[in-house]
Each structure stands twice: as structure tokens, then as C-alpha cells.
Amino acid sequence: MAAPAALNGASVGKDVSMTLNGALAGLVAITAWCDVVTPAGAFWIGLIAAFLIVFGVEFVDKTLKIDDPVGAIGVHGICGAAGCLPACLHRMEGFSTAAGPRC
């Protein structure tokens with residue numbers, strides 16, 4: 001929760017909803033692959049997603065000009081997709097506790 005609060009506070013002022021979206025973004029990003037990454041991998045994936053949500057919401061609102069008052073597209077779309085990519089990297093040797101084929 002501190003990552004989006006720090007980024008958002010530095011750029012546009014305090015926003016409680018963005019801070020909560022950062023926590024939700026971390027959870028969304030790690031949910032799809034939570035059974036195959038280590039706890040350290042889950043932490044880094046969640047932290048990356050928390051930073052991505054700040055830029056994702058701005059991108060959806062200002063660049064794509066989509067009215068998304070709660071940031072659902074940024075949280076679920078951008079951070080969900082971004083969570084799948086690092087999880088695949090964590091399936092490489094040494095980053096995963098799961099057995100089976102690697103990405």
C-alpha cells in the first residue's frame with residue numbers, strides 16, 4: 001500500500017482510493033499463479049503491480065479516455081496481465097517451488 005501512496009502523493013496529492021487500489025492490485029497480480037511462486041516472488045510481483053496501478057489508472061483515464069471511476073480496468077486488466085508475466089519468469093529454475101514443465 002505504501003508504493004502507490006508514495007507515487008500518488010508525490011504527483012497529484014493524497015488519494016485513499018489509489019492506496020487501496022495498490023493493495024488490491026498486488027493481490028490481483030499474484031492470484032493467478034500463487035501456487036507456483038515463492039513468497040519472495042509473490043512479494044516482488046505484488047510490489048511491481050502496486051507501482052503499475054498508478055500509471056495504469058492514468059493511462060486508462062487520460063490516454064484511452066475511458067471513464068473508470070474506481071480503477072477496475074487498471075487493477076484487474078493491467079495488473080492481472082502483468083502478474084502473469086513475472087509468474088512465468090518465476091517458473092524458471094530456482095524461483096519456483098512447483099514441479100513440472102517450465103515456461
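This is a short chat about a predicted model and some of its residues.

Reader: Where do I start? Which residues have the most contacts inside the largest nonpolar core?
Author: Those are M18, A25, V37, I45, A49, I53 and C79. The core has 14 residues.

Reader: Which elements give two or more residues to this core?
Author: Helix 2, helix 3 and helix 4 do.

Reader: Take C79 from that list. Is C79 buried or exposed?
Author: Buried. Its relative accessible area is 0%, and the cut-off for buried is under 20%.

Reader: And C34, buried or exposed?
Author: C34 is exposed, because its relative accessible area of 52% falls in the range over 50%.

Reader: OK, new topic. Where is A50?
Author: A50 sits in helix 3. A50 counts as buried, at 5% relative accessibility.

Reader: How far apart are A50 and A29 in space?
Author: Their C-alpha atoms are 9.0 Å apart. In sequence, A50 and A29 are 21 residues apart.

Reader: Why does A32 count as exposed?
Author: Because its relative accessibility is 53%, and exposed means over 50%.

Reader: Let's do charges. How many salt bridges does the count come to?
Author: One. The side chains of E58 and K62 meet in it, at 3.0 Å from N to O.

Reader: How are E58 and K62 placed in helix 3?
Author: They are four residues apart there, so about one helical turn separates them.

Reader: Which labels do they get, buried, partly exposed or exposed?
Author: E58 counts as partly exposed, at 30% relative accessibility. K62 is exposed, with a relative accessible area of 54%.

Reader: Now the aromatics. How many aromatic pairs does the structure hold?
Author: One. F43 and W44 form the pair, and it is edge-to-face.

Reader: What are the distance and angle for F43 and W44?
Author: The centres are 5.1 Å apart, with 75 degrees between the planes. That pair is edge-to-face because its angle is over 60 degrees.

Reader: And W44, what is its relative accessibility?
Author: 48%, so W44 counts as partly exposed.

Reader: On to the surface. Which residues form a nonpolar patch there?
Author: F59, L64, I66 and I73 do. Together they have about 330 Å² of accessible area.

Reader: Where does I73 lie?
Author: In helix 4, which covers residues 72-90. I73 counts as partly exposed, at 36% relative accessibility.

Reader: Last one, K65. What is its phi?
Author: Near 55 degrees, a positive value in a residue other than glycine.

Reader: Where is the place of K65, and is K65 buried or exposed?
Author: K65 is in the loop between helix 3 and helix 4. K65 is exposed, with a relative accessible area of 67%.

Conventions:
Residues numbered from 1 in each chain as written. Predicted model: local features only at pLDDT ≥ 70, side-chain atom pairs only at ≥ 80, totals over all residues. Heavy atoms only, no water. Patch = residues over 30% accessible without salt bridge, like charges linked within 9 Å, V, L, I, M, F, W, Y side chains within 5 Å. Areas by Shrake-Rupley, 256 points an atom, 1.4 Å probe, with all protein chains shown as cover. Salt bridge = Lys/Arg side-chain N within 4 Å of Asp/Glu carboxyl O. Buried < 20%, exposed > 50% of the residue type's maximum accessible area, 1.4 Å probe, protein only. Phe/Tyr/Trp six-rings, centres within 6.5 Å; stacked < 30°, edge-to-face > 60°. Core = buried A, V, L, I, M, F, W, Y, C linked by side-chain atoms within 4.5 Å.
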